[in-house]
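Subject: Handover of a structure and notes on its features

Dear colleague,

Please find below the structure that I am handing over to you. My notes on it follow.

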Amino acid sequence: MVKAVVIAVSVLVLVAIAGAGGTIYVFHAFGRDLPDYRQLAQYEPPVTTRIHGGDGRLIAEYATERRVFVPVKAMPQMVVNAFLAAEDRNFYQHSGIDVLGIVRAGVTNLKNWGSDRRPVGASTITQQVAKNFLLTNEVSWTRKIKEAILSFRIERSLAKDRILELYLNEIYLGLSSYGVASAALNYFNKSLDELSVEEAAYLAGLPKAPSNYHPVRYAQQARERRDYVIGRMVIAGFIGEDEAQRARSTALAIQPRTDTEFVVADYFAEEVRRELAQRYGESQLYKGGLSVRTTLDPRLQTIASRVLRAGLETYDRRHGWRGPIGRAPRGMDWREALYQIPLPGGLGDRYPAVVISVDETSAQVGFANGVRGTIPLAEMKWARAWKPEQKLGPAVRTPSDVLAVSDVVVVVPATKDDQGHAYPEGTFALSQIPDIEGSLVALDPHTGRVLAMSGGYDFKRSQFNRVTQAKRQPGSAFKPFVYLAALDQGFTPSTLVLDAPFVIDQGPGLPKWRPANYSNDYFGPSTLRTGLEKSRNLMTVRLAQTIGIDKVADCAQRFGVVDELPLQLSMSLGAGETTLLRLTAAYAMFVNGGHKITPTLIDRIQDRHGRTIFRHDVRPCANCQALFWTRQPAPEVPDARPLVSDAASAYQMVSMLQGVVERGTGRVIREVGKPLAGKTGTTNDQQDAWFVGFSPDLAVGVFIGYDEPKNLGERETGGSVAAPVFRDFMAAALADKSATPFRIPPGIRLVRVNSANGQLAELGERNVILEAFKPGTVPAGQKPVLEGVTGAASLGGGAPSSGTGGLY
């Protein structure tokens with residue numbers, strides 16, 4: 001008997017030693033090359049980067065996995081309990097491996113041996129964390145052994161709550177939901193603390209196979225899985241039987257997530273996205289959970305998009321009908337044809353339609369949904385045929401002059417005719433998508449904060465941003481920098497310059513350069529103010545030659561218009577290329593008193609933990625952090641902006657540009673009724689149209705032109721194409737603002753002078769204006785006329801390039 005006991009004990013000892021040895025061998029063999037589990041202590045799951053406007057409203061989101069990270073201590077206990085019941089009831093008791101669960105899974109797998117069923121696992125939440133973060137989804141005993149080893153290590157390294165937090169925020173639950181918080185939103189349109197027992201149970205049943213329990217495609221299986229989890233919650237003691245019965249009796253009702261409200265600012269958002277990617281890299285952009293507060297003003301952005309689109313459409317209609325966007329195949333039903341014909345981008349609120357009949361007074365059209373409509377003749381009168389060189393065909397007399405049966409066109413609803421009479425229901429107007437492009441940018445002239453940016457007609461049609469990426473000749477919009485350079489050299493707005501034919505010898509083998517005014521007229525001696533207001537080319541070239549093109553180049557470079565301006569007189573007429581953003585920022589420096597600003601789209605960036613990692617405004621302010629007001633004076637923030645121009649010269653330029661609006665090429669803007677200033681710009685062959693200007697606290701630039709430069713048409717200039725867009729923007733943007741005059745710096749004297757000759761005005765004299773003078777420069781007596789040197793090369797080096805005469 002004793003011998004038998006000894007033998008039994010010996011066998012047990014040998015088995016134990018063998019088991020221990022086997023365990024040590026397994027840990028040694030499979031644990032050598034495992035991933036470093038300690039990285040989980042610092043692991044941060046990918047979360048969404050969000051871009052917000054200046055008022056906090058959402059502009060865009062960027063993510064590879066749309067996840068909302070929620071700390072486990074902030075999750076409702078009922079939600080946590082549902083996942084514990086479904087996945088790992090003994091989570092807080094085991095050390096990474098659930099031995100009883102393994103035994104149960106082993107018995108089940110033995111029963112299923114030889115069948116097609118997938119092997120059943122007994123993975124704990126810790127094992128799932130090991131698999132999801134450190135291993136692959138391979139179904140094998142090797143992976144399970146590695147998983148077990150890592151689980152033991154993770155349990156020794158991390159707290160249970162941290163392991164659970166990683167799991168609940170990382171798991172994929174279907175419908176593009178990463179983590180339980182995202183799933184709650186996508187399935188039920190609720191936050192975690194709003195979920196009911198049955199909703200939490202449904203989510204807890206998804207980790208095994210989300211696609212197998214789709215609430216619509218597999219509704220029965222989804223409900224059975226939910227009820228199974230509810231039963232597990234009862235067994236675990238998390239809920240009572242009565243509560244479980246009520247939850248089971250509730251239908252599985254899915255509530256799709258409410259569409260997130262976004263401010264529509266596609267060009268602005270893309271520019272911010274590019275800056276973030278450049279600053280922090282693609283990984284941090286799409287996974288880092290950055291919170292970006294931008295400079296965007298949603299109200300101004302809405303205005304900018306609307307007036308730019310309207311301005312491009314107005315120009316486009318002036319230049320005629322380019323024809324239908326397609327033709328429906330003969331004999332094909334129009335509804336089928338509309339589904340097959342590719343539609344252009346940028347439709348907006350237009351509807352594609354097929355012309356199904358044409359008579360003497362109207363055209364009948366059909367839509368993809370089978371509805372029919374009518375286009376009366378009055379709503380296609382504008383559609384004279386487009387001809388090369390922006391010419392127009394004969395006037396439209398009948399609908400057949402424009403449309404034919406089977407034409408595929410785009411239309412917009414029409415409610416009233418030109419006289420205001422109501423149209424019958426189902427009336428439409430013929431439309432077309434402009435092929436011209438343009439851009440508009442608005443910024444704060446004191447800080448450089450970009451408040452609105454519309455880089456084209458429609459972002460879906462073209463993602464090219466014409467505010468920041470299009471480098472074009474500014475034409476006469478560059479002239480203020482010539483005149484400012486002259487003001488800095490001691491000239492005054494009343495200085496007389498000869499407006500007369502001018503010839504420059506460009507050097508051996510090159511033709512003589514003969515710049516000319518747009519009108520080909522010459523007006524003799526005229527003031528600098530008149531030269532700028534009327535955009536006189538000859539006066540500008542004479543002025544640039546006199547002061548030296550090097551002075552002009554230096555001024556343009558200080559203001560950031562260009563990085564390096566060629567020292568050629570033709571540059572004084574705007575032949576050098578720049579972007580709309582750079583030119584608008586340069587104009588802003590006129591109205592802010594000559595201070596340097598740098599355009600910015602971002603005010604502040606915070607990381608996923610709320611720490612500020614970037615701030616545009618870096619001015620020191622020790623007293624700005626006070627939590628309470630205790631009658632202390634308002635803090636004084638130093639002005640760190642460097643000066644790029646004398647404040648007096650900058651104001652003289654503001655005053656002259658205000659004259660452009662009041663008496664010059666920008667007169668169309670006067671109807672806004674507020675103090676505004678700016679300058680038109682049109683380039684050679686009328687290929688680009690500009691207007692850049694400002695109010696005392698808002699700088700705005702508008703550019704319009706074809707992406708592949710071509711003539712805009714006869715009499716299509718900055719004053720007729722771009723200035724109306726500027727006018728409409730300012731009228732809406734300043735509608736609720738009082739009329740604020742431009743700020744006058746100390747030392748400036750406003751003196752009554754004759755607007756024609758710049759001399760002091762006599763009593764009772766007409767054509768009198770208030771002119772701005774620096775101390776000691778008020779005119780006294782007859783003044784000399786600056787005539788320039790005909791035949792001389794430009795001062796400062798370099799002859800003018802050929803072929804640029806005629807910019808205006």
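Is R226 buried or exposed? R226 is buried, with a relative accessible area of 1%. Please bear in mind throughout that this is a predicted model.

**Salt bridges**

R226 has a charged partner: its side chain meets that of D227 in a salt bridge, at 3.0 Å from N to O. Across the whole structure, a search finds 46 salt bridges. As background, side chains of opposite charge can pair when their charged atoms come close.

A second pair joins E533 and R663, whose closest N and O atoms are 2.7 Å apart. This pair links distant parts of the chain, since E533 belongs to helix 16 (residues 528-533) and R663 to helix 20 (residues 647-663), and the two residues are 130 residues apart. The two partners can also be described by their accessibility. E533 counts as buried, at 4% relative accessibility, whereas R663 is partly exposed, with a relative accessible area of 27%. Both residues belong to a network of salt bridges that links R529, E533, E662, R663 and E771.

A further salt bridge is formed by the side chains of D55 and R57, at 3.9 Å from N to O. Here D55 is partly exposed at 43% relative accessibility, and R57 is partly exposed as well, with a relative accessible area of 38%. The cut-off for a salt bridge is 4 Å, so the 3.9 Å of this pair falls within it.

An open sheet of 5 strands is present, with the order 13-12-20-19-18 and antiparallel pairing. Strand 13 (450-454) and strand 18 (677-682) stand at its edges; each has a single partner strand, so one side of each is left without a neighbour in the sheet. From one strand to the next, the twist averages 5°.

Within this sheet, strand 19 (residues 688-695) pairs with strand 20 (residues 698-705) in the antiparallel sense, over 8 bridges. W690 stands opposite F703 of strand 20.

**Strand 16 and its partners**

Strand 16 (residues 602-606) is mostly covered, as 4 of its 5 residues are buried. One of its pairings is with strand 3 (residues 291-294), which runs antiparallel to strand 16 over 4 bridges. In that pairing, S291 stands opposite Q606 of strand 16.

Strand 16 is also joined to strand 17 (residues 612-615), by 3 bridges and again in the antiparallel sense. The bridge partner of R604 in strand 17 is R615. Strand 16 and strand 17 form a hairpin with 5 residues between the strands, where G610 takes a positive phi near 90°.

**An enclosed helix**

Helix 6 (residues 160-170) is largely enclosed by the rest of the structure, because 10 of its 11 residues are buried. Charged residues are found among the buried ones of this helix, including K160, R162, E165 and E170. The buried residues of helix 6 also include I163, L164, L166, Y167, L168 and N169.

**The second largest pocket**

The second largest pocket holds about 540 Å³ of space. Its lining comprises 19 residues, of which T447, H616, D617, V618 and R619 are the closest to its centre. By type, the lining divides into 10 charged, 5 nonpolar and 4 polar residues.

Two asparagines deserve a note on backbone geometry. N189 has a phi near 55°, a positive value in a residue other than glycine. N189 is placed in the loop between helix 7 (180-188) and helix 8 (197-204), and it counts as partly exposed, at 28% relative accessibility. N520 also has a positive phi in a residue other than glycine, in this case near 60°. The loop that holds N520 runs between strand 14 (496-499) and strand 15 (524-527).

Yours sincerely

Notes. Residues numbered from 1 in each chain as written. Predicted model: local features only at pLDDT ≥ 70, side-chain atom pairs only at ≥ 80, totals over all residues. Heavy atoms only, no water. Pairing = 2+ DSSP bridges. Axes fitted to C-alpha atoms, helices over the stretch in contact; angles between N-to-C directions. 1 Å grid on protein atoms, 1.4 Å probe; cavity = no way out; pocket = protein on both sides within 12 Å on 5 of 7 lines; lining within 4 Å. Points joined across faces, edges and corners; volume = space filled by probe spheres on them. Buried < 20%, exposed > 50% of the residue type's maximum accessible area, 1.4 Å probe, protein only.
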